[in-house]
Amino acid sequence: MGILDRFRQIRYYSPMTQVVIVGLVCFLCPGMYNALNGMGGGGQMDRTTGNNANTALYCTFIVFGVAGGAIVNLCGVRWTISISGLAYALYSGSYIYLNHTGNGAFTIAAGAVLGMGAGVMWAAQGMIMVSYPREEEKGKYIAVFWVIFNLGGMIGGVLPFAINYHSESDSLSDGVYIAFVILESLGALLGLALAPPSKVVRNDGTSVVLVKYTNVTREAVEIVRLFLNPTMLLLLPMCFTSNFFYSYQFGPVNASIFNIRTRGFNNILYWGAQMVGAYALSFLLDSKRLTRRQRGTIAFAIVAVFFNAIWGGTLAQQLKYTHGPSADETTDYPGGLIDFLEHKRAAGPIILYMLYGLGDALYQNLAYWIIGSLTNDSQKLSRYAGFYKGMQSLGATVAWQLDAKNVAYMDQLIGNWVLLGISLVPMFYVITKLKDHSEEAPVFEEEKSGLSPQLSVTGKDDS
């Protein structure tokens, strides 16, 4: 069968097509944001404005992440994702203003706006990614999305690397930010290509949406019930920790011991490693030879061992320095800022940084798989995804402020390592309670009055 014939067989209303589309949106919007954010301080020498903008971003993300599932259920995925995408373009454009004025107020305000848009976008994305596929395909769909999404961060890393290759500046040029604005605007436009969930049909003929009625009252009640759900409370440390390490990896590591072009080079490897990690883990998470609990337990063991290993390597590296470059002084890392062409000095730190990306993919793909294993109800999963991103943003808010307040690098490292250990215990407990099959949620008459049964850890309704 030729490529053209395969293309003709693609169904627009299939779950995979929709996951690919939302992956491309995230490739162009959050993917480019990740590339910019991964430079440390938004690509600025002084990370203060970038850190404060990220704090503002994640403060609003907390609210709109938790509420995002309700907004998506009420307004649909197409316009919510498209409008949210414009917030990414606004944020990247604000750095052009910062370059010319030195005034960070607009960038911080744009960060707050981005938090609103990102909260809604990620709730919609999470719902599409984990509710559209069949149970035995969820690992594959998560991996497909993760590869496309992180390809954005990888290619986004090429832009600052190439444009600033011969630059002696410690900050990104306007051209890099303009390129990000254009790409993120295209991503916002692409969001309009998504199909309504009610029209998406799996290859076996089943619809991805079983619950058809919702209203503002019901969604408000369901948001409150998220914080009363024992499973969600058990997963709260996992959610809180899942992005906490970004501020340390992007600031005290990438922005503190590497020069500007090597920071871009590191981003290519960081987000590229995410693609590899997601793809590799999908084979385990969808294995038909193992029960769901066995798959989760093995994946958990991989994540736990891998993360503790890379934090151990990071400790050895962190003992060599205490601060990065600033307007008054350079880094105290031995030999100064690392350039990727200094092979002997660069090899170890760059490989370690690449492994950060691999670890992030393993942790977050497992987290999404756990959430997707709780139910097949698309509306519930949109709320669960929103809760995950909201609590993730709470952790990120704390983390970015730690760096903004110049908390010692070693203290930030220890905090990350401790939080990882705390998150692993309840995560493992939830995995041990998973059932092989999540029950499909029937349409209850009570839904018309704004009520719905509460989900238990097994994926069954408590009522």
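I began with pLDDT, which is the predictor's confidence in each residue, on a scale from 0 to 100. The model is predicted, and I read that the chain averages a pLDDT of 86, with 88% of the residues scoring at least 70. Over residues 441-463 pLDDT stays under 50, although the model has 55 contacts there beyond four places in sequence. Where pLDDT is low, the predicted coordinates should not be read in detail.

Next I checked helix α2, residues 15-28: at 1.5 Å a residue its 14 residues should span 20 Å, and because its end C-alpha atoms are 20 Å apart, the two values agree. I then asked how many residues of α2 are buried, and found 11 of the 14, so I noted the helix as mostly covered, buried meaning under 20% relative accessible area. Among the buried ones are Pro-15, Val-19, Ile-21 and Phe-27, and what covers the buried residues of α2 includes α3, α5, α6, α7 and α8.

I turned to the largest nonpolar core, which has 120 residues, and saw that Ile-128, Phe-145, Met-238, Leu-366 and Ile-370 touch the most other members. Helix α14, residues 343-372, gives the most to this core, with 15 residues.

Last, I looked at Thr-49, which lies in helix α4. Thr-49 counts as buried because its relative accessibility is 17%, and, leaving aside neighbours within four places in sequence, Thr-49 is in contact with Leu-98, Gly-104, Thr-107 and Ile-108.

Methods. Residues numbered from 1 in each chain as written. Predicted model: local features only at pLDDT ≥ 70, side-chain atom pairs only at ≥ 80, totals over all residues. Heavy atoms only, no water. Helix = DSSP H or I, 4+ residues; strand = E, 2+ residues; numbered from the N terminus. Expected span 1.5 Å × (residues − 1). Buried < 20%, exposed > 50% of the residue type's maximum accessible area, 1.4 Å probe, protein only. Contact = heavy atoms within 4.5 Å. Core = buried A, V, L, I, M, F, W, Y, C linked by side-chain atoms within 4.5 Å.
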